[in-house]
Amino acid sequence: MKLTNTPTVKATKSGMTLLELTVVILVLLSLISILFIGARAWKKGSDRAASILQIRNVQQAVRSYSNMNGKNAGDTVTGLRTSIFGEGQFIENDPVTADSHPAGGEVKYVIATDDLIPDIGDLYMTCSDTAYAPDASTVADW
C-alpha cells in the first residue's frame with residue numbers, strides 16, 4: 001500500500017545553542033562586575049562621609065566645651081580629651097582609641113594635641129588617610 005499526501009514532520013529543536021548560552025553568561029557576568037565596581041565606589045563615598053561627620057562632631061564638641069567653660073582658642077586645658085570623650089561627656093566613645101574608622105584597616109583618627117583647644121579653622125582630630133579627610137575649605141565653618 002502506497003501512502004499519499006503524508007504530511008512531513010519537521011523536527012524543530014527548541015532551546016539555546018552552546019554559543020548563545022555562553023554569550024548570555026558573559027553579558028550577565030559583565031553586568032555583575034559593573035555592579036560590584038559601583039558598590040565599592042559607593043562604600044568608599046559613604047565611609048568618607050561618615051569620617052567627615054565624626055571629625056565634625058568632635059570639632060563641635062571641642063568648641064562646645066570651650067564655650068561652656070570660658071576657654072578660648074589656643075588655650076591649654078589639662079584633661080581636655082577626657083572632658084570631651086567618655087561616658088556622660090560630649091562623645092561617648094573615643095574614636096582614636098577604638099578601632100572605629102568606618103573604612104577600618106589602616107585608616108585611623110589622629111588628635112593633633114590632646115590638651116590644646118585649636119584655633120578657628122584648625123581641626124582637633126584628623127584622619128590618617130587624606131582620602132577620608134574633609135576639604136580645607138569647609139573646615140573654617142566648624
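I looked up Arg81 to begin with and found it buried, with a relative accessible area of 18%; buried means under 20% relative accessible area, exposed over 50%, and partly exposed in between, with a 1.4 Å probe and protein chains only. I note that this is a predicted model, in which local features need pLDDT of at least 70 and side-chain atom pairs count only at pLDDT 80 or more, while totals for chains, interfaces and linings use all residues. Residues are numbered from 1 along each chain as its sequence is written, and side-chain values use heavy atoms, with hydrogens and water left out.

**Entry: salt bridges**

I took a salt bridge to be a side-chain nitrogen of Lys or Arg within 4 Å of a carboxyl oxygen of Asp or Glu. The count by this rule is 4 salt bridges.

Arg81 has a salt bridge with Asp114, at 3.3 Å from N to O. Asp114 sits in the loop between S1 and S2 and Arg81 in helix H2, so this pair ties together parts that are 33 residues apart in sequence. Helices (H or I, at least four residues) and strands (E, at least two) are DSSP runs, numbered from the N terminus. I found Asp114 partly exposed, at 33% relative accessibility.

Next I looked at Asp135, which forms a salt bridge with Arg48; their closest N and O atoms are 3.4 Å apart. Asp135 is in the loop between S2 and H3 and Arg48 is in helix H1, so the pair ties together parts that are 87 residues apart in sequence. Both count as partly exposed: Asp135 has 44% relative accessibility, and Arg48 has a relative accessible area of 28%.

**Entry: Asp47**

I located Asp47 in helix H1, which covers residues 18-68. Is Asp47 buried or exposed? Asp47 is buried, with a relative accessible area of 8%. Its salt-bridge partner is Lys43, with the closest N and O atoms 2.9 Å apart. Lys43 counts as partly exposed, at 39% relative accessibility. Not counting residues up to four places away in sequence, Asp47 touches Pro102, Ala103 and Tyr132.

**Entry: the core**

I looked up the largest nonpolar core, where a core is a set of buried Ala, Val, Leu, Ile, Met, Phe, Trp, Tyr and Cys residues joined through side-chain atoms within 4.5 Å. It has 21 residues, and those with the most contacts inside it are Leu80, Ile84, Phe85 and Tyr124. Two or more residues come from each of H1, helix H2 (80-84), strand S1 (109-111) and strand S2 (125-127). H1 gives the most to this core, with 5 residues. As a general note, nonpolar side chains tend to be buried together in soluble globular proteins.

Which residues does Ile84 contact, leaving aside its neighbours within four places in sequence? I listed Ala61, Val62, Tyr65, Gln89, Phe90 and Ile91.

**Entry: Val139**

I ended with Val139, placed in helix H3 (residues 136-139). Val139 counts as buried, at 6% relative accessibility. Leaving aside neighbours within four places in sequence, Val139 is in contact with Gly121, Leu123 and Pro134. I also looked up Asn93, which is 46 residues from Val139 along the chain; their C-alpha atoms are separated by 22 Å.

Terms used
Contact = heavy atoms within 4.5 Å.
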